[in-house]
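Student: I have a structure open and have not looked at it before. Can you walk me through it?

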Amino acid sequence: MASALCSLPSVFQSECDKLKRVALRSHMVFLRQLAGLCIAIALFVIWALPAQALDYPPPLSYSNAELTGKDFSRQILRAAEFSNANMEQVNFTDADLRGAIMSASVMTQANLHGADLSIAMVDQVKMTGADLSDAVLQEALLLRTIFTGVDITGADFSDAILDGAQVKELCQRASGINSKTGIATRESLGCQ
């Protein structure tokens with residue numbers, strides 16, 4: 001319509017100029033919105049997607065593995081999977097095992113001295129004779145785990161999920177204070 005008016009005599013020149021300005025403004029608003037959308041998409045692709053890939057690497061999986069006698073001391077094994085693994089005499093001294101899954105594994109005589117097992121799933125695990133001294137087991141799931149002959153000196157069980165029989169058994173030998181959290185083992189278990 002603007003081009004038809006502009007081809008007419010100069011009487012309509014002022015109307016023609018107004019229409020051109022309105023059309024140009026509308027076009028500029030559209031281009032700004034389109035540019036904003038493109039920038040938002042580019043920023044999402046550049047920053048958000050690679051960050052997710054870097055922040056959440058796939059967990060290490062040792063499920064169903066034969067790991068007898070392996071040395072994992074001082075290693076970062078966050079969210080690693082050890083379900084149904086044979087970990088007899090494994091060394092996890094000072095290892096970072098936060099969020100690890102160790103369900104239904106055998107950890108007879110394993111060394112977990114100073115290990116951080118916070119929010120780990122350590123349910124139905126046979127820990128006969130294991131060393132949990134100075135370990136951190138805050139908010140760990142420990143139901144149906146066997147603690148026969150386990151050294152828990154200085155271990156922190158704060159907010160761990162244990163059944164009454166387990167707590168009673170562990171309180172009989174609970175002593176010491178955890179060097180990392182400053183929490184007494186008896187206090188963390190709620191011993192009377």
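Tutor: We can go through the disulfide, the salt bridges, the aromatic pairs and a surface patch. This is a predicted model, in which local features need pLDDT of at least 70 and side-chain atom pairs count only at pLDDT 80 or more, while totals for chains, interfaces and linings use all residues. Residues are numbered from 1 along each chain as its sequence is written, and side-chain values use heavy atoms, with hydrogens and water left out.

Student: OK. How many disulfides does a search of the whole structure find?

Tutor: One. A disulfide here is a pair of cysteine sulfur atoms within 2.5 Å.

Student: Which residues does the disulfide join?

Tutor: Cys 171 and Cys 191, with 1.9 Å from S to S. Cys 171 is in helix H3 (residues 164-171) and Cys 191 is in the segment after helix H4 (185-189), so the bond ties together parts 20 residues apart in sequence. Helices (H or I, at least four residues) and strands (E, at least two) are DSSP runs, numbered from the N terminus.

Student: And the handedness of the link between Cys 171 and Cys 191, what is it?

Tutor: Left-handed, with -90° about the S-S bond.

Student: Are Cys 171 and Cys 191 buried or exposed?

Tutor: Both Cys 171 and Cys 191 are buried. Buried means under 20% relative accessible area, exposed means over 50%, and partly exposed is in between (1.4 Å probe, protein chains only).

Student: Switching to charges. How many salt bridges are there?

Tutor: The count is six. The rule asks for a side-chain nitrogen of Lys or Arg within 4 Å of a carboxyl oxygen of Asp or Glu.

Student: What does Arg 78 pair with?

Tutor: Asp 96, at 2.7 Å from N to O. Arg 78 is partly exposed at 48% relative accessible area, whereas Asp 96 is buried at 12%.

Student: Which residues are linked with Arg 78 in a network of salt bridges?

Tutor: Asp 96, Arg 98 and Asp 116 are linked with Arg 78 in that network.

Student: What about Asp 134, which residue does it bridge to?

Tutor: Lys 180, with the closest N and O atoms 3.7 Å apart. This pair links distant parts of the chain, since Asp 134 is in the loop between H2 and H3 and Lys 180 is in the loop between H3 and H4, 46 residues apart. Asp 134 counts as buried at 13% relative accessibility, and Lys 180 is partly exposed at 47%.

Student: Which residue meets Glu 169 in a salt bridge?

Tutor: Arg 173, at 3.6 Å from N to O. Glu 169 is partly exposed at 25% relative accessibility, and Arg 173 is partly exposed at 29%.

Student: Now the rings. How many aromatic pairs does the structure hold?

Tutor: Five. One of them is Tyr 62 with Phe 72: the ring centres are 5.4 Å apart and the planes are at 70°, so the pair is edge-to-face. Tyr 62 and Phe 72 are both in the loop between H2 and H3, 10 residues apart.

Student: What decides the label?

Tutor: Rings of Phe, Tyr and Trp (its six-membered ring) pair if their centres lie within 6.5 Å; planes under 30 degrees apart count as stacked, over 60 as edge-to-face and the rest as tilted.

Student: Which residues form one aromatic cluster?

Tutor: Tyr 62, Phe 72, Phe 82 and Phe 92.

Student: What does Ser 83 touch?

Tutor: Leaving out residues up to four places away in sequence, Ser 83 touches Ser 63, Asn 64, Ile 101, Met 102, Ser 103 and Ser 105. Contact means heavy atoms within 4.5 Å. Ser 83 is in the loop between H2 and H3 and counts as buried at 16% relative accessibility.

Student: Last topic, the surface. Which residues make the nonpolar patch?

Tutor: Leu 24, Met 28, Phe 30, Leu 31, Leu 34, Leu 37 and Ile 41 make a nonpolar surface patch of about 650 Å². Patches are made of residues with over 30% relative accessible area and no salt bridge, where like charges are joined within 9 Å and nonpolar side chains (Val, Leu, Ile, Met, Phe, Trp, Tyr) within 5 Å. Accessible areas come from the Shrake-Rupley method with a 1.4 Å probe, and for residues only the protein chains shown count as cover.

Student: Where is Leu 34?

Tutor: Leu 34 is in helix H2 (residues 13-55), and is partly exposed with a relative accessible area of 39%.
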